[in-house]
Amino acid sequence: ARFPWICRRSGGSRKDKVVAGTAGKGPRNLARKMASGLAFAFLLAAIAAGARQGGWGAASLQSEMDSGSASKRVLIYTKTTAYVHESTPYAAKFIAKTCKQMGHHSVISDNSTLLEDRAMAEGFDAIVFVSNLGQIFDTHKEHIAAHIAAGKGIFGLHAIIGSFRDDLMSEDGKTSVWTSHLIEDVFGAHFGDYPPHPPRQSAKLTVDAKEAEKLGLNLPTSFVHEDEFFNYNRNPAQMEGVSVVASVDENSYEGGIMGVQHPVVWYRTLGKNEARVFYCGLGHATENYNGEGSGYVASFVEAGLKYILKAPQTITM
């Protein structure tokens, strides 16, 4: 009941109205937009004040600003309460830099209030989740569902699909208990059984030429890449409405259990207002973002950002 777009896919009419209602026009909607703009302005002022005073304590906030009337506001969300990827700050800075090059504003933050406070959440046109794990926000206060209902974009990088998982010890080892399925509902899958991936290793990836062309990606149709390759609780490649951009060949490495097509990069739309969702399962290591790697993951990330922000697609290696 919390995620109206799910019911809409299955034909529920009552919740269709819930999704459609968020996009209504009129004085109330205008007032809401004005409030969102003021909240975002307040947020940026608070960030500046926090920087002058030495930071926000547990929350690290950084603003990457650029001018332009067509600019959109992007939240780059980095909170994790479980395993911390060393690559997260590098990935976040790369994403912020890319947003700035595209002419958009971005805020790097691990402050869950930005997703739990309605006025602040409404101030963002897109949300980027960066390798988050654990209980990353209060699911009873979140405004992700409203964000999607309004047709706004969401990008998920690497480990985000493992969020809201608790690994518990049992007689036969570890078992996973999910405290929320929101992330699965957004991206189409979450981690499979424990452990969610085999050891990091090299494997052959294949790129769908037609999907790559749609996204403006000029990549080889196949290449070798070293990463963590997640197994999922269900295969997004078999889901209606999911477009797979890249897959990993399970014959080229050990530990894959997804079958003939094991997707690692895909996109979809959700809700009546067709909110754009993009997921890149690659990107565990720092070299993917600091210029020392092959550049393949960086290309996927850039394409995903352009997709959710509805920007012109032209990306070459």
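Strands are DSSP runs of E of at least two residues, numbered from the N terminus. In the predicted model described here, W178 is found in one such run, strand β7, which covers residues 173–178. With a relative accessibility of 18%, W178 counts as buried, because the cut-off for that class is under 20%. Beyond the residues up to four places away in sequence, W178 touches I161, G162, S163, F164, R165, H190 and F191. For F191, the separation from W178 is 13 residues in sequence and 9.9 Å in space, C-alpha to C-alpha.

One of the residues touched by W178 is F164, which has a positive phi of about 65° although F164 is not a glycine. F164 is placed in the loop between β5 (153–157) and β6 (165–170). The relative accessibility of F164 is 1%, so this residue counts as buried. A positive phi at a non-glycine position is also found for S131, with a value of about 45°. S131 belongs to the loop between β4 (126–130) and α7 (144–149). The relative accessible area of S131 is 2%, and this residue is therefore buried.

For the chain as a whole, the model contains 10 helices and 14 strands. The chain has 317 residues, of which 53% count as buried. Contacts between residues at least 6 apart in sequence join residues at least 24 apart in 73% of cases.

Aromatic pairs number 12 in the structure. In the pair formed by Y267 and Y307, the ring centres are 4.8 Å apart and the planes stand at 55°, so the arrangement is tilted. This pair links distant parts of the chain, with Y267 in strand β12 (residues 262–270) and Y307 in helix α10 (residues 296–308), 40 residues apart. Both Y267 and Y307 are buried. Y307 also forms an aromatic pair with F278, with 6.3 Å from centre to centre and 50° between the planes, and this pair is likewise tilted. Because F278 lies in strand β13 (residues 275–280) and Y307 in helix α10, the pair ties together parts of the chain that are 29 residues apart in sequence. F278 is buried, as is Y307. Ring pairs join F155, Y267, F278 and Y307 into a cluster.

Strand β13 also holds C280. The relative accessibility of C280 is 0%, so C280 counts as buried. When neighbours within four places in sequence are left aside, the residues in contact with C280 are F155, G156, L157, H158, V264, V265 and F300. Among them, F155 is also a member of the aromatic cluster. Between C280 and G304, the C-alpha to C-alpha distance is 8.0 Å, at a sequence separation of 24 residues.

Helix α10, which carries Y307 of the aromatic cluster, also meets helix α4 (residues 88–101), and the axes of these helices come within 11 Å and cross at roughly 50°. This angle makes α4 oblique to α10. The handedness of the crossing of α4 and α10 is right-handed. On the α4 side the meeting residues are F94, I95 and T98, and on the α10 side they are A298, V301, E302 and L305. T98, placed in helix α4, has a relative accessibility of 5% and therefore counts as buried. Apart from neighbours within four places in sequence, T98 is in contact with E302 and L305.

Note on methods: Residues numbered from 1 in each chain as written. Predicted model: local features only at pLDDT ≥ 70, side-chain atom pairs only at ≥ 80, totals over all residues. Heavy atoms only, no water. Helix = DSSP H or I, 4+ residues; strand = E, 2+ residues; numbered from the N terminus. Buried < 20%, exposed > 50% of the residue type's maximum accessible area, 1.4 Å probe, protein only. Contact = heavy atoms within 4.5 Å. Phe/Tyr/Trp six-rings, centres within 6.5 Å; stacked < 30°, edge-to-face > 60°. Axes fitted to C-alpha atoms, helices over the stretch in contact; angles between N-to-C directions. Parallel < 35°, antiparallel > 145°, perpendicular 65-115°, else oblique. Left-handed = near helix turned anticlockwise from the far one by under 90°.
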